[in-house]
Amino acid sequence: MKPAVSAVMATHNYARYLPVSIESVRAQTFTDWELVIVDDGSTDDTQKVLRAYQSDPRIRVIHSDRLGQTRAKNLGVRLSRADKLAFLDADDAWFPTKLERQLELMTPDVGAVYCAREFMDGNGDRIDRPNTLAPYSGTVLDQLFVQNFVCFSSTMIRRSVYDHVGGFNPLLDLAIDYDFWLRIAQHYEFQYVPEVMVRYRTGHGNLSQKLADRVAIANSIMTRDAHAISPHAVAEGFASTARTMGWVLRRSEPRTALRWYLRALAWPHRRVDSLKGCIISLSNMMRGLREPTAAENLSINI
């Protein structure tokens with residue numbers, strides 16, 4: 001008999017985080033689930049960690065040879081069995097009522113259900129950081145275009161929705177969730193559970209790596225979907241992305257930040273803020289300021 005919910009997880013060299021993530025699934029108050037884990041060519045102690053769970057028939061492990069996160073996630077979905085799919089990154093964790101509360105809102109006209117999150121550091125300690133992602137329900141395409149407010153590990157979707165929009169884009173390595181949510185939002189409603197039911201781990205990765213590539217991919221996705229978005233949201237989305245990049249780089253690379261703020265000025269959205277950013281960047285250039293990038297505060301669609 002197939003389960004009601006398939007939790008899908010792809011992991012690569014996250015052995016130190018896996019026990020917390022897996023145990024958070026096993027602790028769910030809703031118990032009719034399976035957990036499909038794709039170990040994507042890990043070289044750490046991931047296999048040793050996973051062997052400790054081989055006695056639980058609800059947990060299925062698939063070993064792949066470096067497919068990359070996008071293809072590994074798609075493989076996990078293909079090998080799962082339930083009509084409802086829930087996603088969990090291997091370094092995050094769920095609160096016990098997460099699946100139960102989301103299933104209450106998973107009606108036929110809803111494409112995805114997501115919830116609030118809290119932050120934890122690399123050691124699993126809670127971080128008191130304000131959640132700046134504004135929640136929306138119903139038709140959310142315009143709002144989602146402006147900012148990706150859906151935490152990947154907080155989502156549940158129906159398999160028919162996944163099949164309809166074609167799954168995760170295997171041509172992308174970055175911004176795959178933003179791309180996926182936009183394609184879903186063009187056809188289905190989103191619902192939000194106003195409770196913190198996900199622990200989102202931050203601070204253990206280097207978000208400044210390939211920053212230009214991340215932004216380029218986000219901009220290509222936005223350009224692709226701009227025809228389906230209201231003109232106001234298009235202007236807000238592109239201008240906000242450019243301003244955010246300017247803010248992130250204002251101290252470490254003020255000359256590059258100035259170019260981003262000038263790009264934001266081309267869009268008729270909060271031009272005063274864009275102009276202020278230009279002035280700040282020019283001031284930093286004149287002072288020769290170069291400080292490390294505050295990459296952890298990055299909040300654009302990447």
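Entry 1, the ground rules. I am working with a predicted model, where local features need pLDDT of at least 70, side-chain atom pairs count only at pLDDT 80 or more, and totals for chains, interfaces and linings use all residues. Residues are numbered from 1 along each chain as its sequence is written, and side-chain values use heavy atoms, without hydrogens and water.

I took rings of Phe, Tyr and Trp (its six-membered ring) as a pair if their centres lie within 6.5 Å, calling planes under 30 degrees apart stacked, over 60 edge-to-face and the rest tilted. The count came to 15 aromatic pairs. I looked up Phe-87 and Phe-152, which are stacked at 5.2 Å centre to centre with 25 degrees between the planes. They are 65 residues apart: Phe-87 is in strand 4 (residues 84-87), Phe-152 in the loop between helix 5 (141-146) and strand 8 (156-158). Helices (H or I, at least four residues) and strands (E, at least two) are DSSP runs, numbered from the N terminus.

Phe-168 lies in the loop between helix 6 (159-165) and helix 7 (176-185), 16 residues from Phe-152. I noted one aromatic cluster of Phe-87, Phe-152, Tyr-162, Phe-168, Phe-180 and Trp-181.

Buried means under 20% relative accessible area, exposed over 50%, partly exposed in between (1.4 Å probe, protein chains only). Phe-87 is buried at 1%, and Phe-152 is buried at 9%. Phe-168 is buried too.
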